[in-house]
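Morning, everyone. I'd like to take you through one model today, starting with charged pairs and ending with the overall picture. Have a look first.

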Amino acid sequence: MSPATIFDIGLAVLVLGVAAWTILVRDTFAAVVSFVVYGLLVALVWVRLSAVDVALTEAAIGSGVTGMLLLGAAARLRPAEAGATPPSALICASAAGLCTLIAMGLAATTLILPDPAPTLAPAAMAGLPASGLGNPVTGVLFVYRALDTLLEKVVLVLALVGVWSLAADEEWGGTPEISATRQPDGILTFLAQLLPPVGIVLAIYMFWVGADHPGGAFQGGALLTAMWLLVLMAGVRTAPATGLVALRLVIVAGPVIFLAIGFAGFAWADGFLSYPAGYAKPLIVIAEAALTLSIGVTLGLLALGPRRCMASAPPPSWASGCSASSPARSCYAKFWPSM
């Protein structure tokens with residue numbers, strides 16, 4: 001048995017063990033940490049399957065950003081977790097049975113495929129040179145299923161709108177809540193000053209090479225999100241007010257530019273999201289550049305959560321000059337009635 005085979009078997013056993021622990025552990029925080037570890041192990045599995053693009057996405061989105069969201073949810077649920085009633089045995093058995101049926105269905109779907117399995121990969125590779133791209137994954141995302149890719153970005157924006165809608169009416173335009181350490185000599189502050197320049201360069205690199213090698217807008221955007229959240233959590237910078245027009249323009253810039261390129265296809269090519277001969281790659285790179293920035297900001301704001309009033313701090317100097325009917329003053333009046 002070769003060392004590679006031994007490594008693959010060990011990795012598979014480890015993935016199954018961490019997955020089982022994630023399900024069985026009772027503590028929410030421990031379950032979330034286990035889920036993050038599980039995502040990183042699955043990323044290694046995708047690397048072993050030569051799907052580097054999927055591995056990067058799994059590590060950045062499935063484990064990184066999703067893990068951040070789950071950690072925030074676990075922190076908010078911790079006060080109520082002690083008194084929560086555990087689910088009944090019937091519910092647990094039903095959930096286990098449903099998961100087993102889904103797993104068996106997926107396994108059966110995979111096993112009944114003919115050998116070799118049907119694939120459109122040769123046809124996709126044959127048409128790839130016309131786009132000027134060298135990465136087949138990017139070619140599929142921006143040429144063959146460009147509409148799906150565009151809608152994925154729109155879904156992110158709609159998800160952010162849904163998160164922001166959870167805030168109270170008087171809190172519109174406030175800043176998202178985040179727990180910052182604000183320790184000038186702390187290790188987190190040191191990392192927040194050291195890593196972001198490197199992370200930003202890596203994010204730009206991942207976006208740029210995505211046209212010809214594994215990488216792309218989602219991976220680069222997720223890395224930008226990680227660097228931004230690190231800076232905010234260390235207290236080096238504060239989160240922006242969600243009412244800023246510039247911030248909202250950045251959020252919609254990627255989908256809008258991608259959509260504009262799509263509509264321009266009616267004039268210079270065969271239809272919507274079609275590219276003129278010889279200009280496909282530059283247009284795709286432009287769309288990916290805008291999408292990288294939009295995805296990075298949107299994912300970061302999703303992780304930060306809904307906007308809020310600054311209840312934990314005294315009212316800023318500008319609040320004293322607000323009129324009694326202004327939204328900002330009514331927001332602070334909930335916590336400082338003397339205003």
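A search of the whole structure turns up 4 salt bridges. Keep in mind that this is a predicted model. I'll go through some of those pairs.

Start with D8 and R48. They form a salt bridge, with the closest N and O atoms 2.7 Å apart. Where do the two partners lie? D8 sits in helix α1, residues 3–24, and R48 sits in helix α2, residues 28–48. So the pair ties together parts that are 40 residues apart in sequence. How covered are they? D8 is partly exposed, at 31% relative accessible area. R48 is also partly exposed, at 40%.

Next, K281 and D212. Their side chains meet in a salt bridge at 3.1 Å, N to O. This pair links distant parts of the chain, 69 residues apart. K281 belongs to helix α11, residues 280–304. D212 is in the loop between α8 and α9, the latter being residues 217–233. K281 has a relative accessible area of 29%, so it counts as partly exposed. D212 is partly exposed too, at 31% relative accessibility.

Now E152 and R145. Here the side chains meet in a salt bridge at 2.6 Å, N to O. Which residues make up the network around them? R145, D148 and E152 are linked by salt bridges.

I187, F190, L191, L194 and L195 form a nonpolar patch on the surface. Together they have about 450 Å² of accessible area. Take L195 from that patch. It is found in helix α8, residues 187–209. Is L195 buried, partly exposed or exposed? It is partly exposed, with a relative accessible area of 35%.

Finally, the whole protein. How many helices and strands are there? The protein has 12 helices and 2 strands. Along the sequence, the pattern runs α-α-α-α-α-α-α-β-α-α-α-α-β-α. The protein has 339 residues, and 33% of them count as buried. The accessible surface comes to about 19300 Å². Carbon and sulfur atoms account for 74% of that surface.

One last number, on contacts. Take the contacts with a separation of 6 or more: residues 24 or more positions apart account for 72% of them. Two of the pairs I showed also span the sequence: D8 with R48, 40 residues apart, and K281 with D212, 69 residues apart.

That's my tour. Over to you.

Methods: Residues are numbered from 1 along each chain as its sequence is written. This is a predicted model: local features need pLDDT of at least 70, side-chain atom pairs count only at pLDDT 80 or more; totals for chains, interfaces and linings use all residues. Side-chain values use heavy atoms; hydrogens and water are left out. Patches are made of residues with over 30% relative accessible area and no salt bridge: like charges are joined within 9 Å, nonpolar side chains (Val, Leu, Ile, Met, Phe, Trp, Tyr) within 5 Å. Accessible areas come from the Shrake-Rupley method with a 1.4 Å probe; for residues, only the protein chains shown count as cover. Helices (H or I, at least four residues) and strands (E, at least two) are DSSP runs, numbered from the N terminus. Buried means under 20% relative accessible area, exposed over 50%, partly exposed in between (1.4 Å probe, protein chains only). Contact means heavy atoms within 4.5 Å.
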